[in-house]
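Here are my notes on the model, as numbered points. Please read them with the structure open.

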Amino acid sequence: MTWAAAILAATHTIRVYSTVHVPVFHPLVAAKMGGTLDHIGQGRWGINIVSGWSATEFGMMGIELLPHAERYQRTTAFIEILKGLWTQEPGSFTHVSPWYQITDGYVMPQPMQQPHPPIVNAGTSDAARDLVARLCDWAFIAPPSAEATPDMADDFKQRAQAYSRQVRCAGMPFVLWRETEKEAQAEVQRIMDQTDMVAAQNWASGLSIGSESMSGFSLKMLALGAGALPVVGTAYQVAEQLARLYELGMDGVLIEFLHYYDDTVRFGKEIVPLLRQMGVVA
């Protein structure tokens, strides 16, 4: 939340999403913070809801993880509270569930965005997909390959249609490009050659504790781009691969770079024009 406030205050056009872990935040507190953040950014803020699955992180705070199914029941209540506080007449919202009790709740100021800021979830288990279909606006998806994208994206969108809703899907590629394909692949190999495989395996094991969302990631994907889908080649080849992901059902991408600032600038100069020519970027 503090990071989002700083970025929103220092920018003018980009959208900024706060990641909020359900076991750590009370939804009324998150809703109040979110209302303020949306005003700081003049309607550019959104929230990524995480049900919580890292036993190590929550263990530091003495927070026990709920069983998987119950986590999403609590997350459902969390999101319903956010929406109620953001859309109902101030002082009129009441909620009672096994996890939260709110009486005459209110958020002032309520967010600028109507009916509320976009809500995102990155879960891919069956319970998570149903949650996204019913209550969220974006699904963060991480298919293990481009070929796996259509089935995953179509499932989210069809589930949403069953609730008379629309959900968009954003993927997570690790994008690396050089003048030639050979140079790009050599850079990938350089990264992999320096990987501490024991550390990578330990991290993978820790990430997978109690989470179906991480089960499809290969160790190479985790070591190379923290689980992101590798998109590697020349600038044109990268643009083609990203355009292909769009054709397969991704409505957006959350790109990871090796050198974040420099590659972000390069991406805008070298690849975005190609994506415009391909009709992917307006």
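1. Start with M108. M108 sits in the loop between β4 (101-105) and β5 (119-121). Helices (H or I, at least four residues) and strands (E, at least two) are DSSP runs, numbered from the N terminus. M108 counts as exposed, because its relative accessibility is 58%. The cut-offs are under 20% relative accessible area for buried, over 50% for exposed, and partly exposed in between (1.4 Å probe, protein chains only). M108 and G91 are 17 residues apart along the chain, and their C-alpha atoms are separated by 9.7 Å.

2. On the source: this is a predicted model, where local features need pLDDT of at least 70 and side-chain atom pairs count only at pLDDT 80 or more, while totals for chains, interfaces and linings use all residues. Residues are numbered from 1 along each chain as its sequence is written, and side-chain values use heavy atoms, with hydrogens and water left out.

3. Next, the β3 and β4 pairing. Strand β3 (residues 93-96) runs antiparallel to β4, and 3 bridges join them. Two strands pair if DSSP finds at least two bridges between them. F93 has G105 as its bridge partner in β4. The two strands β3 and β4 form a hairpin, with 4 residues between them.

4. Look at the faces of β3. In a regular strand the side chains alternate between the two faces of the sheet. In β3, F93 and H95 point to one face and are buried.

5. How many salt bridges does a search of the whole structure find? The search finds 11. A salt bridge here is a side-chain nitrogen of Lys or Arg within 4 Å of a carboxyl oxygen of Asp or Glu.

6. One of them pairs R159 with D126, with the closest N and O atoms 2.6 Å apart. This pair links distant parts of the chain: R159 lies in helix α6 (residues 149-162) and D126 in helix α5 (residues 126-135), 33 residues apart. D126 is exposed, because its relative accessible area is 52%.

7. R159 also forms a salt bridge with D155, the closest N and O atoms being 2.9 Å apart. D155 and R159 are 4 residues apart in helix α6, so about one helical turn separates them. D155 has a relative accessible area of 21%, so D155 is partly exposed.

8. Another salt bridge joins the side chains of D263 and R266 (3.0 Å, N to O). These two residues are 3 residues apart in helix α11 (residues 260-270), so D263 and R266 are separated by about one helical turn. D263 counts as buried at 5% relative accessibility, whereas R266 counts as partly exposed at 23%. Elsewhere, salt bridges that share partners join D126, R129, D155 and R159 into one network.

9. Last, the helix packing. α5 and α6 pack at an angle of about 50°, with their axes 8 Å apart. That makes α5 oblique to α6. Axes are lines fitted to C-alpha atoms, for helices over the stretch in contact, and angles run from 0 to 180 degrees between N-to-C directions. Angles under 35 degrees count as roughly parallel, over 145 as roughly antiparallel, 65 to 115 as roughly perpendicular and the rest as oblique.
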